[in-house]
Amino acid sequence: MLRRDVDLAAYTHVRIGGRAAVLWEVRSRAELEGALAWARAEGAGAPVVIGGGANLLVHDEVAAPFVLHLDRSFADVREEGGAIVAEAGLPLVRLVRVAVARGWSGPERLAGIPGTLGGAVAMNAGIPSFETFDLVREVRGLDLRGREVRLTPAELNPGYRRGNLPPGLVVFEVVLERTSGDPTALAAEARRLKEDRRAKQPLQLPSFGSTFKNPGPRPADGDGAAGSGWGEGAAGALLERAGLKGERRGDAQLSEMHANFVVNLGRARSRDVLELMVHARRTVGRRFGVWLEPEVRMTGFAPADLAALEELETPVGAAPGAAS
């Protein structure tokens with residue numbers, strides 16, 4: 001279904017966003033094919049694709065020309081050849097619930113992660129011990145010409161918080177590995193993961209989830225001995241050690257509960273979030289020599305707007321070349 005001049009804030013977890021000149025609500029593969037055919041006829045170009053709107057910051061002063069929203073009803077899930085086949089709009093919470101009820105082991109590890117299956121594949125969402133692509137057998141999508149494309153994880157070569165999907169590919173279905181499990185045990189594990197997330201993360205406020213990716217192994221420096229990581233929460237631990245918990249720009253705040261979560265206190269704007277991210281990144285980088293990489297996907301921003309999220313500097317008091 002085609003709609004015009006649509007407010008995108010309602011389509012994102014953080015409740016920030018401008019407007020879409022055209023938005024297609026996609027509830028089936030046939031509707032996806034129709035939307036892409038319309039785009040080719042109109043010369044609309046590649047769409048911005050939104051599923052559950054988690055880990056997404058949309059510029060609120062720039063109109064998006066063409067947006068595809070994979071509706072939550074685009075969510076069939078079935079067993080096929082010993083695997084799980086699910087449509088891209090399927091919310092992860094529903095995937096977990098169906099898998100647990102049917103004794104399908106594997107998806108319970110996605111418990112507590114927000115968003116939809118298509119979005120989880122696009123960014124290889126996960127937790128420290130698990131990523132979406134640990135389950136993925138095949139990704140099925142349509143390119144901008146409407147042709148079906150099927151890709152295996154080996155062909156995609158996904159990375160940390162990066163599904164590595166080809167530009168222009170719109171995922172419509174995902175094939176997931178599964179084994180058989182006891183529904184009671186699977187439900188208990190899903191509940192444990194969900195409760196752990198609730199205890200540590202500020203889920204009561206609009207947020208796009210983790211703001212920065214966790215960095216690699218911790219080097220030896222004056223702030224602590226060398227080790228295998230930066231401690232609990234990694235990026236969050238660095239932000240907290242830098243004194244950034246509770247830091248604000250407008251109504252955008254680094255949560256007082258978990259410093260790696262930017263929360264919207266009510267009327268945050270996209271520029272507030274960007275300024276806060278740049279400040280946080282520079283503060284951590286100059287203190288620890290660790291330049292955090294954004295995990296959140298940002299759309300509608302000019303390259304010049306995002307340049308400060310890619311800069312590298314030498315930390316204060318460090319030798320040239322010490323920044324990483």
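What volume does the second largest pocket have? I noted about 640 Å³. A pocket here is an open set of points on a 1 Å grid over the protein atoms alone, where a 1.4 Å probe fits, with protein on both sides within 12 Å along at least five of seven lines. The volume is the space filled by probe spheres set on the points.

This is a predicted model, where local features need pLDDT of at least 70, side-chain atom pairs count only at pLDDT 80 or more, and totals for chains, interfaces and linings use all residues. Residues are numbered from 1 along each chain, and side-chain values use heavy atoms, without hydrogens and water.

Helix H2 (92-102), helix H5 (183-200) and strand E15 (207-210) each supply at least two lining residues. H5 gives the most, with six. Helices (H or I, at least four residues) and strands (E, at least two) are DSSP runs, numbered from the N terminus.

**Strand E2.** I turned to residues 19-26 next. Six of the eight residues in E2 are buried (under 20% relative accessible area, 1.4 Å probe, protein chains only). Which way do E1 (residues 2-7) and E2 run? They run antiparallel, joined by five bridges. Valine 6 has alanine 20 as its bridge partner in E2. E2 and E5 (residues 67-70) run parallel, with four bridges. Glutamate 25 is partnered by histidine 69 in E5.

Technical notes: 1 Å grid on protein atoms, 1.4 Å probe; cavity = no way out; pocket = protein on both sides within 12 Å on 5 of 7 lines; lining within 4 Å. Buried < 20%, exposed > 50% of the residue type's maximum accessible area, 1.4 Å probe, protein only. Pairing = 2+ DSSP bridges.
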